[in-house]
Amino acid sequence: MTDPIADYLTRLRNAISAKHRVVEVPASNLKKEITKILFDKGYILNYKFVEDGPQGTIKVALKYDSVNKVNAIKELVRVSSPGLRKYTGYKDMPRVINGLGIAIISTSKGVMTDKEAAELKIGGEVLCYVY
């Protein structure tokens, strides 16, 4: 697998389109940090890190509206890829849907949202957009 982050986002997208409640993805430290951000910002209902085997898995409980059965995540877009990395400075942080969505940035201080990186005045690699 050449791009594990794209695989992670695709598994979430496929589970959302199939209306699954829980999706399991292979774990890595970067995927765990992205999952924590999605939970903190209210895009997923819950998550659990399961240590089985050498790699482990992440169980993600997706969040749906109780009335309309609409998912909290409208779209997941991979920005930076292994063939073409996208970097940004803190002055040029991307705005996702005019501030309604989030951009997940990998910085020297760890993985964080675009707003947190702008507050700390650090840039980094733009991993994905979530809205």
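Buried means under 20% relative accessible area, exposed over 50%, and partly exposed in between. The model used here is predicted.

**Exercise 1.** Decide whether arginine 13 is buried, exposed or partly exposed.

Solution. Start with the place: arginine 13 is in helix 1. Its relative accessible area is 33%. That value lies between the cut-offs of 20% and 50%, so arginine 13 is partly exposed.

**Exercise 2.** Check the span of helix 1 against its number of residues.

Solution. Helix 1 covers residues 4-17, which is 14 residues. The expected span takes 1.5 Å times one less than that number. This gives 20 Å. The end C-alpha atoms are 20 Å apart, so the two agree.

**Exercise 3.** Find which residues of helix 1 are buried, and where they lie around its axis.

Solution. The buried residues are Ile5, Tyr8, Leu9, Leu12, Ala15 and Ile16. Viewed down the axis of helix 1, they fall within an arc of 125°, so they line one face. Recall that an α-helix has 3.6 residues a turn, so residues three or four places apart point the same way. Next, look at the cover over these buried residues: it includes strand 1 (22-26), helix 2 (29-40) and strand 8 (124-130).

**Exercise 4.** Describe how helix 1 and helix 2 pack.

Solution. Take the angle: about 40°. Take the distance: the axes are 10 Å apart. The crossing is right-handed. Helix 1 makes the contact with Pro4, Ile5, Tyr8 and Leu12. Helix 2 uses Leu30, Lys31, Ile34, Thr35 and Leu38.

Terms used. Residues numbered from 1 in each chain as written. Predicted model: local features only at pLDDT ≥ 70, side-chain atom pairs only at ≥ 80, totals over all residues. Heavy atoms only, no water. Helix = DSSP H or I, 4+ residues; strand = E, 2+ residues; numbered from the N terminus. Buried < 20%, exposed > 50% of the residue type's maximum accessible area, 1.4 Å probe, protein only. Arc of directions from axis to C-beta. Contact = heavy atoms within 4.5 Å. Axes fitted to C-alpha atoms, helices over the stretch in contact; angles between N-to-C directions. Left-handed = near helix turned anticlockwise from the far one by under 90°.
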